[in-house]
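Trainee: I would like to learn how to read a structure feature by feature. Could we go through one together?

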Amino acid sequence: MTTTNNNEDVEKKIVEAAKELFIENGFAETSMSDIAAKVGINRPVLHYYFRTKDKMFQAVFSNIILSFIPRIHDIIIQQDKPVSESIGEIVDAYYKVFTENPCLPLFMVREMHRDMDHLSTTIKELRLEQYLHKIMDVLQEEMNGGRLKTVPLPFVFYTFYSALTVPFLTKNLSASFFLEKEDTFEDILVQWKPYIVRQMEALLVVG
């Protein structure tokens with residue numbers, strides 16, 4: 001039991017270290033040696049847990065995505081709430097993970113540009129498509145049933161994720177030009193949330 005717990009602790013430390021380095025520096029710029037050094041272990045020990053950097057990326061990506069995608073999925077498939085309330089809850093779920101990992105939006109954009117095939121393969125191997133397809137299916141069903149405006153799904157994606165991620169992608173710019181002395185970045189996020197909700201309501205809500 002103790003050995004199992006120790007192995008789980010080491011593996012968790014490796015995944016957390018790899019996540020931090022991948023998010024900060026990117027997948028391509030992070031080496032196995034970098035990860036081993038951050039954890040405080042040698043390369044053979046690292047290879048005992050993760051034979052390749054791709055396998056480590058899968059573990060990190062799964063750790064990130066599964067920290068919020070199931071929650072997004074559950075919010076969207078609940079159809080007994082006003083659209084504005086559901087959108088607000090989705091924003092809160094993303095704010096939580098992005099606040100804990102401020103460089104995550106930049107990491108995702110960077111990985112899409114670096115090698116989208118690699119990212120797609122990772123999503124498929126981790127069987128995360130089930131969440132993405134279900135979310136898209138529910139939105140399409142709501143549109144087909146006249147409960148939401150008929151809007152191309154890419155437009156829904158563009159509108160929501162641009163509004164959601166731009167504050168994090170431009171955090172340093174905001175701090176330099178837009179924040180008053182008494183304001184914090186978190187204050188800006190709180191003030192920005194209603195604008196995201198209103199943009200999505202204007203895009204989707206019927207009537």
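Trainee: In which helix does Glu89 lie?

Mentor: Glu89 lies in helix 6. Keep in mind throughout that this is a predicted model.

Trainee: Is Glu89 buried or exposed?

Mentor: The general idea is to compare the relative accessible area with a cut-off, and buried means under 20%. Glu89 has a relative accessible area of 18%, so Glu89 counts as buried.

Trainee: Which residues is Glu89 in contact with, leaving aside neighbours within four places in sequence?

Mentor: With that exclusion, the contacts of Glu89 are Arg71, Ile75 and Lys81.

Trainee: Let us step back to the whole chain. How many helices and strands does the protein have?

Mentor: There are 11 helices and zero strands. Along the sequence the pattern therefore reads α-α-α-α-α-α-α-α-α-α-α.

Trainee: What box do the C-alpha atoms fill, and what percentage of the residues count as buried?

Mentor: Taken along the principal axes, the box is roughly 60 × 45 × 35 Å. The protein has 207 residues, and 37% of them count as buried. Its accessible surface comes to about 12100 Å², with 55% belonging to carbon and sulfur atoms.

Trainee: What percentage of the contacts with a separation of 6 or more comes from residues 24 or more positions apart?

Mentor: Such pairs account for 69% of those contacts.

Trainee: And the charges: how many are positive, how many negative, and how far apart are their mean positions?

Mentor: There are 22 positive and 29 negative charges, and their mean positions are 3 Å apart.

Trainee: Now the core. How many residues are in the largest nonpolar core, and which have the most contacts inside it?

Mentor: The largest nonpolar core has 56 residues, and those with the most contacts inside it are Phe22, Met56 and Tyr94. Helix 6, residues 83-100, gives the most to this core, with eight residues.

Trainee: What does Phe22 touch, not counting residues up to four places away in sequence?

Mentor: Phe22 touches Phe27, Thr30, Ile35, Lys53, Met56, Phe57, Val60, Phe107 and Arg110. One of these, Met56, is also named among the core residues with the most contacts.

Trainee: How should I read Tyr131, and where is it placed?

Mentor: Start with its element: Tyr131 is in helix 8. Then take its accessibility: at 18%, Tyr131 counts as buried. Then list the residues it touches beyond four places in sequence: Leu66, Ile69, Pro70 and His73. As for distance along the chain, Phe27 is 104 residues from Tyr131, and their C-alpha atoms are separated by 24 Å.

Trainee: Where does Thr165 lie, and which backbone oxygen lies 2.5 Å from a polar atom of its side chain?

Mentor: Thr165 lies in helix 9, residues 153-169, and the backbone oxygen is that of Tyr161. With a relative accessible area of 15%, Thr165 is buried. Leaving aside neighbours within four places in sequence, Thr165 is in contact with Phe98 and Pro105.

Trainee: Where is Arg127 found, and is it buried or exposed?

Mentor: Arg127 is found in the loop between helix 7 (104-125) and helix 8 (129-144). Its relative accessible area is 65%, so Arg127 is exposed.

Conventions
Residues numbered from 1 in each chain as written. Predicted model: local features only at pLDDT ≥ 70, side-chain atom pairs only at ≥ 80, totals over all residues. Heavy atoms only, no water. Core = buried A, V, L, I, M, F, W, Y, C linked by side-chain atoms within 4.5 Å. Buried < 20%, exposed > 50% of the residue type's maximum accessible area, 1.4 Å probe, protein only. Helix = DSSP H or I, 4+ residues; strand = E, 2+ residues; numbered from the N terminus. Contact = heavy atoms within 4.5 Å. Areas by Shrake-Rupley, 256 points an atom, 1.4 Å probe, with all protein chains shown as cover. Lys, Arg positive; Asp, Glu negative; His and termini not counted. Charge placed at Lys NZ, Arg CZ, Asp CG, Glu CD. Polar contact = N/O pair within 3.5 Å; in protein donor to acceptor, adjacent residues only side chain to side chain.
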